[in-house]
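Please examine the sequence and the structure shown below before reading on. The paragraphs that follow take up the ligand, then the contact between two chains, and finally one residue at that contact.

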Amino acid sequence: MDTAQEEATTLTEPKKTVNVSGSVALLEGLIAEGTDTIFGYPGGAIMPIYDALYDYKDKLKHILVRHEQGGTHAGQGYARTSGKVGVVFGTSGPGATNLVTGLADAQIDSTPMVCITGQVYAHLLGTDAFQETDVINITTPVTKWNYQITDATEIPGVLAKAFYIARSGRPGPVLIDITKNAQLQMFDYEGYTPCDHVRSYRPKPLIRKEYIEQAAELINSAKKPFILFGQGVSLGNAEQEFKTFVEKSGIPAAWTILGAGAISTDHPLNVGMLGMHGNYGPNVQTNACDVLIAVGMRFDDRVTGRLDKYAKQAKVIHLDIDPAEIDKNVKADVPVWGDCKETLPLLTALIEEKQHTEWLAEFRAFDKTEQETVIQKELNPGTGEMTMGEVINQLNELTKGEAVIVTDVGQHQMVACRYAKFNHTRSNITSGGLGTMGFGLPAAIGAKFGAPDRTVVAVIGDGGFQMTLQELGTIMQSGIDVKIMILNNRFLGMVRQWQQLFHDKRYSFVDIASPDFVKLADSYYIAGRKISERDDLVSALTDMLNHKGSYLLEVMVAQEHNVFPMVPQGSSVSEIRLK
Amino acid sequence: MSNSQDIELNGKQEFTITAYTENQIGILNRIAIIFSRRKINIESLNTSPSEIEHIHRFNIVIHETEEVVRKLCRQIEKQVEVLKVYYNTNEDIIWQELALYKVPTDIVAERAPVERLLRAFGARAVVIRKDYTVFEATGHREETDKLIEVLQPYGLIEFVRSARVAIIKDSEGFNAKLREFERREPGQEVIENEFLDKEKNVFSM
Ligand SMILES: Cc1ncc(C[n+]2csc(CCOP(=O)(O)OP(=O)(O)O)c2C)c(N)n1
């Protein structure tokens, strides 16, 4: 049958419809989008959806979190390890406001999520009804797109649009608020049509050939080229394309914390981490290179330090899918608009195969200095209190770079990002742009659901753990296997470090008391152990990793240890301090 | 303050941003917060349907450096429901604001200079009642401001001015482009909240 005929028959045939509720249409849509896991919490305004969910238990796994914030971070963790869209449910009012932190985190870290909130009946909107909150306006600044549905017939179309917007272009969180009447309303459902186009929205800018050529020319004539890469590489599924580009060009490459793992830690051209607590060489060399090639990163101030002293000597090539990122912080001499999965191969084709041996040797020399002054002491202190670095180092020895490492926010995060080894992409799950304490535990839950076959280790501070520790309940109930490692320094360590360095050691409200974490875990039926001696470290880590099911390991580490190197705020990256 | 004087002072000048958007609830807020989060004051804001059904046109006037304006425009254009954004200096556009002046009819009728002045400003009467008369004038801010000064001694009762509307001098074929765009892919009606007024008919618990 030719296509014209085919069209004719589909046009004349009446569309088959089924009479369903808005709630059922929503769940059917989620299944059609490939959703298998939902993180959520019920309540009055979303009850019809939960009622429908009761009949979908075999098709949709619902994980009951203990707080909606945990739901959003779990959704993020899931999205980051799986590459799929995280799905989160919450009720109106407080349920919806509890989503805000996770949405903001996902927005700034470009994480694809679709959050569904229940809303009061449409006729009550604007009347200060029970649990009514203006979630659309509250979440507008922290979502890529949001929409309120008051009529069930809109549900399939809006859901399709939401998934498309969340995952396309520069990904981000989307929120759909559905009034209760629309959830209950019966309508003639015509099936689900995925969305692949929104007329006012261009997910990818057009690739401009002249910029690719200009970039290639710059790269080919560069003596000291330097690549910086961010999460754009993995968000674009462009790890292979990126690796080919790096290897053919022979250019040293350094990563932002969200870029970590896009190329393996051990790759000979991977020269380390950028930014405030990044490696010595990458920071100093930023102000020594002649061509800076930024791939899928946004020159966050934690990466650039003082902007007016940032890479001023270099010609900057910026590859980004989001035109608003080009020139936002650092002026690009050559803006390479586009999806790096497409632009990188075009660029690779035009560049000469090279080896920058001498230039690379400069990085090695900086690395040697950093090894001697910082890293060796951190990873193998030998005596005295345990350091966070040696814990991560021992973990590396045992996991061999195969694990997913989820972190919270603080010193332990910087240490984990600096020292953890990653053989694979989508393995470093951390809150980058927002720096959300409390992210770690729930994100680890989501990360495990997103990568059920991988070992997931959450590295969390004693402070941040206490922000979302209720999610132990989620772990208990869902029976998943997450290894929780609390690095306890009895301080809000990162703030204490700043107070020590920049506020005359005036330790203002940073000593934080903790409960007995192992007992706490025990009350959730999660096995655990606490160690304070170096001699126990290997056996404790081994026990944790070998344990069937979740495990909490509390490691008492040095109380007043600082993360170095450090680019103090307001300093240039080349003014990085080694101590 | 004249523009050139101002640019010399701090690099800032008046820019008119023109944005074409979908006609969607919430888009005004999405655009407005891009300014407010940077603590930038919107001097004038006009939003209205464009000549093409379903497509709205915003005119936003701010006082900023070109660099900031360019960044703002990219952040606006990145919003899902924004079709296109342009920015222009005052030299690049033709613009008008409309002003209405309400004055007591008896004074206007009695004093000859008023009529002359109004004529000089190109104002015209839109309503004449026994008690008051409403004049309308269009022009730049300075012009409509001057007329306030002039009318003040004659018992100005009320004054209002519209936001700026602006046409870009060297734009070519917007209308044709938009029309073609809408023809290929018609926009959607805004879904009105049809349940909003049905309080009595709706079950609630
Ligand atoms: C929600 C939130 N509140 C406050 C902060 C500020 N902050 C950043 S790091 C930090 C200390 C974290 O302490 P802890 O969790 O014990 O980790 P450590 O730095 O000791 O490794 C604080 C308070 C934050 N990032 N997030």
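This is a predicted model: local features need pLDDT of at least 70, side-chain atom pairs count only at pLDDT 80 or more; totals for chains, interfaces and linings use all residues.

Some of the surroundings can be described atom by atom. A polar backbone atom of Gln411(A) lies 2.8 Å from an oxygen atom of the ligand. For Gly463(A), a backbone N or O atom is found 2.9 Å from a ligand oxygen. Asp462(A) takes part through its side chain, where an N or O atom is 3.0 Å from an oxygen atom of the ligand.

The next topic is the meeting of the two chains. The size of an interface is often expressed as the accessible area that is lost when the parts come together. Between chain A and chain B, the buried area is about 2,700 Å², and carbon and sulfur atoms give 50% of it. On the side of chain A, the residues that lose the most area to chain B are His123(A), Arg199(A) and Ser200(A), which together account for 31% of what that side buries.

The contact can also be described by its pairs of residues. There are 13 residue pairs in polar contact between chain A and chain B, counting pairs with both residues at pLDDT 80 or more.

One of the salt bridges joins Glu22(B) to Arg199(A), with the closest N and O atoms 2.6 Å apart. Glu22(B) belongs to strand S1 of chain B, which covers residues 13-22. Is Glu22(B) buried or exposed? Its relative accessible area is 10%, and because buried means under 20%, Glu22(B) is buried. Leaving aside residues up to four places away in sequence, Glu22(B) touches Arg199(A) and Ser200(A) in chain A, and Ile27(B), His54(B), Glu81(B) and Leu83(B) in chain B. The side chains of Glu22(B) and Arg199(A) also make a polar contact, at 2.6 Å.

Key: Residues are numbered from 1 along each chain as its sequence is written. Chains are lettered from A and ligands numbered from 1 in the order in which they are written. Side-chain values use heavy atoms; hydrogens and water are left out. Helices (H or I, at least four residues) and strands (E, at least two) are DSSP runs, numbered from the N terminus. Buried means under 20% relative accessible area, exposed over 50%, partly exposed in between (1.4 Å probe, protein chains only). A polar contact is a pair of N or O atoms within 3.5 Å; within protein, one must be able to donate a hydrogen and the other to accept it, and residues adjacent in sequence count only if both atoms are side-chain atoms. Contact means heavy atoms within 4.5 Å. Buried area is the accessible area (1.4 Å probe) that two parts lose on being put together, summed over both. A salt bridge is a side-chain nitrogen of Lys or Arg within 4 Å of a carboxyl oxygen of Asp or Glu.
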